[in-house]
Amino acid sequence: MQQTRDSIKDIWGERTPYYGSWPERVDERTLEEPERWVQSACVLCSNDCAMDIGVKDGKIVGVRGRAVDRVNRGRLGPKGLHGWEANNSPDRLKFPMVRKNGKLERATWNEAMDLIVRRSKEIVKSHTASAIGFYTTGQLFIEEYYTLGVIGKAGLGTPHMDGNTRLCTATAAASLMESFGSDGQPGSYTDLDTTELIMLVGHNMSNTQTVLWARILDRLEGPNPPAIVVIDPRKTWTADKASVHLAPRVGTNVAVLNGLEHLLIESGNIDTEFIEQHTTGFEALKKALSSYTPDAVEKITGIPSGDLLRAAELIGRAKSMVSTCLQGVYQSMQATASACQVNNIHLLRGMLGREGCGILQMNGQPTAQNTRETGCDGALPAFRNWDNPDHIEELARIWNVDPVIIPHWSPPTHAMQIFRYCEQGSIKMLWVSATNPAVSMPDLARMRAILDKHDLFLVVQDAFLTETSHRADVLLPAAIWGEKTGTFTNVDRTVHISHKAVDPPGEARPDLDIFLDYARRMDFKDKDGQPLIKWGDPEGAFEAWKECTKGKMCDYSGMTYEKLSQGSGIQWPCNEKFPDGANHIYTDFVFNTSYENCETFGHDLDTGAVTSPQEYKAIDPKGKAWLRAADYHPPHEVPDGEYPFWLTTGRVVYHFHTRTKTGRSRQLYDAAPDAFVQIPEADASRLGIKEGDWLEVTSRRGMVQVQAKIGRIEPGQLFIPFHYGYWDGDFRPRAANELTITEWDPVSKQPHFKYAAVNISKISPQQLSEDPDKEKHRGVFQSIGSLIDTISGAILIGGKH
């Protein structure tokens with residue numbers, strides 16, 4: 001066994017101080033000496049750290065970081081060093097299953113796919129393709145997303161496609177479109193190597209992107225360390241390193257950021273020449289900000305006026321600046337409006353398109369960028385505008401189809417609306433790929449009822465039995481990372497290739513092969529009667545994707561599998577002009593806002609009302625960025641006498657999403673085995689609550705029972721991690737989303753997980769109850785390390801009645 005460090009105890013590893021170039025440090029963890037190493041990158045956060053997969057006797061036995069790569073320079077975090085063990089988990093799904101007489105039974109691939117195709121054709125004939133929906137993930141590869149996008153948009157012609165990226169990165173995309181006309185990150189990770197100031201807004205980077213945080217820790221230990229401003233209601237490990245920590249009340253991000261912008265303008269710490277030449281909307285913004293004085297902001301947010309002034313002074317003095325946002329912005333009140341204010345700060349200071357100056361509207365998942373780029377989130381591929389007829393015509397030419405089949409008659413259907421249509425019965429078939437909405441979506445009692453509807457034909461494509469997959473009518477076993485080849489893109493536009501290292505277990509298939517099989521069986525054709533999908537392997541799909549992106553902002557046309565396999569990942573745009581990729585976009589300060597190029601015509605940030613093409617033409621900024629103003633509005637559910645606490649949810653460092661991978665690593669599991677509720681010291685003292693006490697947390701929607709963790713959060717606020725469900729045999733109600741609300745941002749349509757009104761009460765261990773699906777779950781989910789016998793005989797798994 002080779003282990004360069006114990007990453008459970010030493011999360012970020014040893015410090016390698018620097019200024020300029022980040023030094024190499026290769027992290028490795030193997031259980032046996034590998035026979036060979038296979039190039040890949042990690043898929044357990046959005047950093048996408050490059051790694052090699054160690055293989056022996058046809059099994060993955062470890063990983064090591066790739067020192068040559070620009071993203072991590074060899075470093076790996078605890079999830080990356082341990083999460084690969086899920087590939088070898090004995091409870092992998094190995095064979096297709098079909099529901100018969102209320103039970104899932106083992107089936108052949110032909111039986112499973114024939115049933116899916118038969119039901120698809122019946123539904124299209126009786127109800128049109130609009131009765132079919134797809135709900136995908138942030139875990140697939142470009143090649144798989146693009147294939148699925150073409151199937152949905154040009155094969156079936158359904159507008160109902162979205163991913164669980166709606167829950168984590170929809171606001172990142174929306175805010176970039178609202179400010180700059182298009183998705184695509186202006187910043188680069190290398191900006192962190194030289195910048196004078198880093199502002200993290202609702203982003204606990206020390207937990208969510210551990211290697212990126214190590215990069216910042218190394219800067220702090222070296223010469224010329226950057227100042228750090230953290231905006232977060234909790235005292236996190238990230239906040240511990242802050243020069244100024246602003247801890248606002250839940251749901252008040254817009255007021256905080258408006259206050260900072262107000263102070264920048266009042267102090268004159270803005271780039272007036274840049275604003276005049278490269279932006280539009282300054283006077284309206286200045287007027288909207290005039291009432292956000294430090295005292296006014298303190299009344300709304302609870303942030304002392306002196307702290308706000310110190311943060312504004314640091315931002316105003318800095319000669320370079322990097323800002324990041326994540327779920328503390330995206331999943332909270334006024335998500336898009338808040339993220340746009342971060343963009344505004346950079347535009348006011350002219351800090352874009354050069355070294356040390358960048359915005360990273362972070363992603364939550366490793367391939368979430370590709371869900372958005374390829375159109376699997378409902379948008380059109382390569383940042384095309386669904387409301388621009390020229391973009392539709394261009395896409396139709398690439399696919400050789402009639403433009404009328406491509407859905408563009410209304411905005412794409414977002415995930416929350418897709419599940420509403422399932423609830424109402426207008427969507428008859430839902431295909432879920434590599435995601436677990438029965439734990440990750442808000443208001444789980446409602447979500448379970450939707451997934452259990454008898455008139456919903458549910459197809460689930462996954463590698464494990466989850467709270468969602470056991471409800472399927474057809475369950476397809478999927479290969480995962482390490483068992484297939486493909487590419488994916490991280491937050492700073494770096495594209496990595498992941499080569500197949502081992503075979504998937506049993507009859508599990510790559511997602512690409514499943515989608516290609518579906519397209520073939522459905523007999524999708526182009527205008528000339530030829531197969532719509534003209535590729536049959538990952539590299540062919542990548543070449544088709546390159547053609548779709550050529551000349552667009554996210555231009556992949558200069559990349560090849562061979563080039564991506566030679567060393568470091570490569571940033572897009574990569575083309576004739578930038579053969580090795582480009583560190584920044586918008587270096588000429590010409591933004592993607594012109595009518596001809598923009599990905600959206602914009603929205604009202606308060607209501608979400610769409611700006612029409614005619615309205616946009618009248619105000620076409622022709623390459624100038626938008627300074628978007630927003631007034632503060634309080635959350636729609638607030639604490640009261642019955643539910644006196646704010647609840648916010650989030651992550652812990654050792655787990656990813658609903659733990660389907662990280663929960664199958666014994667060391668990650670043991671490091672964070674259960675949910676908890678974080679409670680302020682003052683509130684705990686007042687209520688007689690001690691560390692480890694069992695608490696019942698209730699909202700208007702549900703209840704959980706978790707143990708108390710005291711301190712490091714503002715008074716009146718509680719925190720529960722959202723990772724924990726029921727698949728590992730713990731049937732006590734503990735999923736945080738039993739409590740959350742069904743509400744979403746008007747622009748990005750991202751659900752609000754970051755606020756809900758709750759109450760707490762002490763209970764004894766004897767009062768612990770069991771989850772609402774106890775009888776369905778018992779005997780279905782196996783404890784960690786146990787084996788589902790899929791070798792012989794029919795497998796009978798309960799689910800829908």
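How many residue pairs are in polar contact between domain 1 and domain 4? The count is four, both residues at pLDDT 80 or more; a polar contact is a pair of N or O atoms within 3.5 Å, one able to donate a hydrogen and the other to accept it, and residues adjacent in sequence count only if both atoms are side-chain atoms.

This is a predicted model, in which local features need pLDDT of at least 70, side-chain atom pairs count only at pLDDT 80 or more, and totals for chains, interfaces and linings use all residues. Residues are numbered from 1 along each chain as its sequence is written, and side-chain values use heavy atoms, without hydrogens or water.

**View 1. Domain 1 (2-88) against domain 4 (645-769).** Domain bounds come from an automatic or database assignment. The C-alpha centres of the two domains lie 30 Å apart. Twelve residues from domain 1 and twelve from domain 4 make the contact (heavy atoms within 4.5 Å).

**View 2. The domain 1 side of the contact with domain 4.** Domain 1 and domain 4 bury about 1,100 Å² between them, 67% of it on carbon and sulfur atoms (accessible area lost on being put together, 1.4 Å probe, summed over both). Ile8, Leu44 and Lys79 supply 42% of the area that domain 1 buries here, more than any other three residues.

**View 3. Surroundings of Ala247.** Ala247 sits in the loop between strand E12 (244-246) and helix H8 (253-267) (DSSP runs numbered from the N terminus; helices H or I, at least four residues; strands E, at least two). Beyond neighbours within four places in sequence, Ala247 contacts Asp232, Pro233, Thr301, Ile303 and Glu714.

Terms used: Buried area = accessible area lost by both parts, 1.4 Å probe. Nonpolar A, V, L, I, M, F, W, Y, C, P; charged D, E, K, R; others polar.
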